[in-house]
Amino acid sequence: QVQLVESGGGLVQAGGSLRLSCAASGRTFRTYAMGWFRQSPGKEREFVAHISASGGSAYADSVKGRFTISRDNAKNTGYLQMNSLKPEDTAGYYCALGLIINNNITPSMWGQGTQVTVSS
């Protein structure tokens, strides 16, 4: 079973940047698509971005042009570079591994999450 550990969250002012990391154990990381999701209190978990095993990516409209997802299969690590952060980006951010079906990632493994707080 692959374990996922997120890091890189924190408190940042609006307009600032953070880079989240998702470190995966095991050798199968490269065979999965990786995604980032976020959840705010009282809201459902929502899709942020995904990157396929071959490197193709997709983004939620709310983050397009500001966030960049990437992966380094040699390091079994995925990343989410977040620029021009807004207070509404405040949430717990979760990485996941899974399969892409009909251009949507279907997660089967989740990390424990890392908190991002953007102050105005």
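**Reading strands and turns in a predicted model**

Colleague: Where should I start in this predicted model, and which residue of the hairpin of β4 and β5 takes a positive phi?

Modeller: Start with the hairpin formed by β4 and β5, where six residues lie between the strands and G42 takes a positive phi near 80°. The two strands pair in the antiparallel sense over five bridges, with β5 covering residues 46-51.

Colleague: Which other strand do bridges join to β4?

Modeller: Strand β4 is also joined to β9, by seven bridges, and these two run antiparallel. To find your place along β9, take M34, which has L97 as its bridge partner there.

Colleague: Why can β4 be called largely enclosed by the rest of the structure?

Modeller: The general idea is to look at each residue's relative accessible area, and a residue is called buried when that value is under 20%. In strand β4, residues 33-39, six of the seven residues are buried, so the strand is largely enclosed by the rest of the structure.

Colleague: How do I read the order of strands in a sheet, for example the open sheet of four strands?

Modeller: Read the order as a list of neighbours: here the four strands of the open sheet come in the order β1-β3-β8-β7, and the pairing is antiparallel. The strands at the edges are β1 (4-7) and β7 (67-72), each of which pairs on one side only. Neighbouring strands of this sheet are turned against each other by 15° on average, with direction ignored.

Colleague: How many bridges are there between β7 and β8?

Modeller: There are six bridges between β7 and β8, which pair in the antiparallel sense, and among the residues involved is F67, whose bridge partner in β8 is M82.

Colleague: What is the phi of N103, and is N103 buried or exposed?

Modeller: N103 has a positive phi of about 70° although it is not a glycine, and its place is the loop between β9 and β10 (104-110). Its relative accessible area is 57%, so N103 is exposed.

Terms used. Residues are numbered from 1 along each chain as its sequence is written. This is a predicted model: local features need pLDDT of at least 70, side-chain atom pairs count only at pLDDT 80 or more; totals for chains, interfaces and linings use all residues. Side-chain values use heavy atoms; hydrogens and water are left out. Buried means under 20% relative accessible area, exposed over 50%, partly exposed in between (1.4 Å probe, protein chains only). Two strands pair if DSSP finds at least two bridges between them. Axes are lines fitted to C-alpha atoms, for helices over the stretch in contact, and angles run from 0 to 180 degrees between N-to-C directions.
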